[in-house]
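Please have a look at it before I go on.

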Amino acid sequence: MSPIRKFLALALLALAIPLFAADDDRFELKFGRDLPFRGGRVTIEHGFGPLVVRTHAGNDVQVRATIRSSDDEFGKQIRIVTSAEAGGVTVRTEYPQTRGFSPRNLSYSVDMSVMIPANAPLTARNLFGNIDVRGLQTASTIENKQGSIQFADGRGAHTIGNAFGAVKVEGNQGNLTVTNTNGSVDVRNVDGVLNVANRFGSVDVADVKNATTIVNANGSIAAMDIGGSLKATNAFGNIKASTITGSADVTTSNAQVQLSNVSGAAVVRNSFGAVVVETVRGNLTVDGQNSKVEVSDIGGDAKIDTAFGGVTVKDVTGRATITSANGNIVASDIGGTLDAEARFGTVQAERIRGGTKIKSANGGVTLTDLSSGAQVTATFGPVFVDRVTGPIAIANANGSISVAGLRSKGCQPLALTTSFSSIKVTLPAESGYDVNARTSFGRINSDLPVKTRTFAESALVGTIGSGGCRLDLVNANGNITIGKE
């Protein structure tokens with residue numbers, strides 16, 4: 001908020017305080033009027049006091065008010081102006097100018113209660129004071145400047161707007177639009193489309209049976225039990241959403257995101273804050289520029305991209321695509337393929353049922369219990385592979401390679417390459433491989449008998465067992481070891 005805006009807000013609030021003070025009231029006047037409603041709209045223009053609106057089964061508008069003032073002459077000049085015409089009923093409060101009265105000693109207010117027909121459209125505005133509306137059965141517009149708004153038991157499309165004060169809605173059968181600037185928004189039990197916009201204050205929404213859109217700038221967002229899709233956008237505030245029947249689209253910039261139990265697809269965007277997603281039945285996409293990401297129980301595919309933060313992904317039915325520039329990656333229980341890339345961080349993956357493709361620039365790689373082979377490209381860091389079914393291809397530049405627990409009953413081809421470290425592969429005792437192993441500065445050792453065609457300290461070409469399966473081991477500056485299980 002700008003300094004000027006803060007000053008104006010504080011000045012208005014400071015002005016409002018004596019206006020509502022009643023301890024020193026010396027003037028009090030009761031007002032009552034019943035107006036016939038012949039159609040059109042009921043319009044209430046109020047200021048400086050609470051406004052209560054209720055509905056009834058009759059065809060008239062009943063206005064009841066109490067005028068109070070600390071100054072007798074000032075109080076006598078306060079007017080409640082009403083009119084009933086073919087276009088509707090109008091109720092308006094008018095106040096005299098405060099010139100000539102001492103602001104330090106002057107206080108005044110009008111407490112107003114209006115009963116309107118249930119089928120009458122309503123426009124109600126207040127300047128300084130709370131608004132309480134219940135039982136509207138058709139479209140309405142409710143606006144306030146300085147005070148809270150309470151709305152309940154509505155039917156039809158309604159628009160509610162506030163500037164400085166909380167908004168609370170409990171029950172509406174129809175579409176609802178709520179706008180606030182400097183106060184919290186709390187909405188419950190809406191059977192229609194919901195749109196909420198706020199700037200400085202929390203937004204809490206629950207039990208909405210249709211599509212919901214929430215926009216906030218500087219306050220948290222909570223959305224629970226949404227019957228349709230959810231779109232939530234924030235700038236400086238956490239977002240927590242759960243039990244979404246449709247899809248979810250969540251965006252924030254400098255806060256945390258917690259999303260769970262989404263029946264459709266989900267998209268999450270964040271810049272500076274952690275992202276936690278649990279139980280999405282459709283596909284999931286997470287774009288976190290500087291976010292730690294934790295994802296679990298995804299019914300479709302998962303695509304995760306972050307720049308500064310670790311990524312943990314588990315229980316994905318489809319394929320998983322993970323990119324982290326500066327953080328570790330942990331993936332487990334992936335039903336489809338895994339494609340993971342890390343620049344500065346380790347990669348760990350286990351129980352991957354599809355193919356596995358890993359790129360790691362500056363961190364180690366550990367792969368365990370893979371069902372469809374592995375392809376690894378690494379630069380600086382060791383690569384450990386254990387209990388893998390299918391072909392394995394590892395190209396490392398400056399790190400060791402270790403492969404064990406081969407599980408294929410038939411041929412399981414291996415192609416392992418590194419430059420400045422060791423290579424060790426452990427083979428089943430009854431393996432059949434065509435061996436092509438060489439190193440520039442290092443030794444080659446085999447615990448399994450090899451029928452050699454070429455044998456030297458730095459080169460080994462031959463056959464293990466009956467041969468027939470490819471075993472390529474290439475090193476530049478390190479030993480090569482062929483072990484036996």
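Let me begin with Glu-28, which at a relative accessible area of 47% is partly exposed, where buried means under 20% relative accessible area, exposed over 50%, and partly exposed in between, with a 1.4 Å probe and protein chains only. Before I continue, please keep in mind that this is a predicted model, in which local features need pLDDT of at least 70 and side-chain atom pairs count only at pLDDT 80 or more, while totals for chains, interfaces and linings use all residues. Residues are numbered from 1 along each chain as its sequence is written, and side-chain values use heavy atoms, with hydrogens and water left out.

Which residue forms a salt bridge with Glu-28? The partner is Lys-30, with the closest N and O atoms 4.0 Å apart, and a salt bridge here is a side-chain nitrogen of Lys or Arg within 4 Å of a carboxyl oxygen of Asp or Glu. Lys-30 itself counts as exposed, at 58% relative accessibility.

A second salt bridge joins Asp-111 to Arg-68, and there the closest N and O atoms are 2.8 Å apart. Because Asp-111 lies in strand 7 and Arg-68 in strand 4 (residues 60-69), this pair ties together parts that are 43 residues apart in sequence; strands are DSSP runs of E, at least two residues long, numbered from the N terminus. Asp-111 is partly exposed at 27%, whereas Arg-68 is buried, with a relative accessible area of 19%.

Now let us turn to the nonpolar side chains. As general background, nonpolar side chains tend to be buried together in soluble globular proteins.

What is Ile-44 in contact with, once its neighbours within four places in sequence are left aside? Its contacts, that is, heavy atoms within 4.5 Å, include Leu-51, Val-53, Met-112 and Val-114.

Conventions. Helix = DSSP H or I, 4+ residues; strand = E, 2+ residues; numbered from the N terminus.
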